[in-house]
Amino acid sequence: VASDGVWEILAIRDIQREVEAREEVSRMALQDPLTSRPNAAAAVEHLTECLGAAPDDTREAVLIVGIDGLRTVNEAWSLSAGDRLIVEVGVRVDDAVTAGGNGPAPFVARGPGDEFIVEFSSRDAAGDAALLADSIRDSVRRPLRVADQALVPTVSIGIAVAEDTTTASAMLRDAAAALQRAKANGRDRHEFSDTGAADRAQERLRVASLIREGLRDDSFAPWYQPIVALRSGRIVGYEALIRCSRPDCELTSPDVYLPVAEATGLVADLDRLVLRQVGRTLLELPAPLTIAVNLSPRTLVDPSYTDELVAFLDEYPAMRGRLILEVTETALMTVTDDVLAVAADLVARGVELYADDFGTGYSSITHLRDLPIAGLKLDRSFTAELTSGDGTSERLSRAMIGLAEGMGLDSVAEGVETREQAAILIAQGWRHAQGWLYGRPAPHPVQ
Ligand code: C2E
Ligand code: CA
Ligand code: CA
């Protein structure tokens, strides 16, 4: 094209291949060729992103997993034997990572040399990191044949948990230093970069092993707290509350050990145990008395739980309407369509679903309408504040009974300790109540 005697030269060429090649290079730059995993650079990138995007109530944790004695394998046998070991340990780390927890899946990258980098975020990052470190070590510690030799690989793990102003590189540096300490302290162990976190995590490990022992020696059992009709004071049913009977078990409240049970997946075992015993108790309890069991949201979608529940109702059709499942309002608000389908099926089979700890979640009316729930249980913090004088709790609980009535739901006020509270609740229209005023949890339903 010419204008004013100036020529413009247009060159058109197909750059698709160049684009692909460049993408491949940048992918390679973030990928480890031996294990086809993200590499250390990708781990920094991922962690930086997570640190920027984390909700306030979660923290990031980094675990650097170092293979013990890789150098010896490389030197004594061959580099390819070392490579084989790295690949196999990577697979075992993946196994442990995918097996645990219900939060988002941890991110696993290959670090330099003998290292893997695992990143995740959770509400109790230190506690969860210790549990994950333990399961990684267990998963890795199985016999393996490398270069015709049997060996049992082990790993040492360094852990860092994000503080308010941490950067990705600082966390990785701290985790690497903790890994060196773990190796120096004798390998096949984990160390935290900060000892406060280590103490808290240690406590969680202790609790987790107490739960396992308690499950083994049958120390868990449901206790029963009466639920009464508010006006008449007559008992209409019971709530089953899990208790641990081990003498060494200073775990007085399930609030202490249930979060650990939740994080380790043991909660499904506890919930199933309670369900079984409640089933037996229900068969001896005169109709129409009911029993309510608590279950963690995880349990609701656990087929080993729901199958057992369905089998029980099929065997004893007379128990329809007498078994109540309590799921916290917060858990109900985040249910997926799968969970909804399970819940609807159970309800069709005669189970009643109640929203527990009502008032502490943030449910919208539309969401409540879509859930197959039969009742609301007012969280005991509202009951406790009813007589505090400032009137806020009273207005809130009045709004909630209005909601229950408007939607045709049963209503239960929890934590009723005084006659004064009971009188206010009756005046507001609450139908049922539970609390120390009527009875504490006991090993058998007290009639
Ligand atoms: P929750 O469902 O809100 O259970 C009621 C809690 O309030 C129980 O505590 C009960 O002992 C306590 N409580 C009852 N009346 C009163 C009262 O008048 N005043 C006061 N201050 N407290 C009262 P507990 O037994 O410590 O249970 C704590 C939580 O543990 C339960 O809260 C429930 O969410 C959970 N939980 C209990 N058993 C199980 C179980 O088998 N499986 C699952 N997944 N969770 C359970
Ligand atoms: Ca409950
Ligand atoms: Ca409750």
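Biologist: Which strand gives the largest share of the shell around ligand 1?

Modeller: The largest share comes from β13, with four residues. A strand here is a DSSP run of E of at least two residues and a helix a run of H or I of at least four, numbered from the N terminus. This is a predicted model, in which local features need pLDDT of at least 70, side-chain atom pairs count only at pLDDT 80 or more, and totals for chains, interfaces and linings use all residues. Residues are numbered from 1 along each chain as its sequence is written, chains are lettered from A and ligands numbered from 1 in the order in which they are written, and side-chain values use heavy atoms, without hydrogens and water.

Biologist: How many residues surround ligand 1?

Modeller: A residue is near a molecule if one of its heavy atoms lies within 4 Å of it. For ligand 1 there are 24 such residues, and the closest are Arg243, Asp271, Arg380, Glu417 and Trp436.

Biologist: What lies 2.6 Å from a nitrogen atom of ligand 1?

Modeller: A polar contact is a pair of N or O atoms within 3.5 Å; within protein, one must be able to donate a hydrogen and the other to accept it, and residues adjacent in sequence count only if both atoms are side-chain atoms. Here an N or O atom in the side chain of Asp271 lies 2.6 Å from that nitrogen atom of ligand 1. Polar side-chain atoms also lie by oxygen atoms of ligand 1: Asn294 at 3.0 Å and Asp356 at 2.9 Å.

Biologist: Where is Gln31 found?

Modeller: Gln31 belongs to strand β3, residues 31–32. Its C-alpha atom is 17 Å from that of Pro106, 75 residues apart along the chain.
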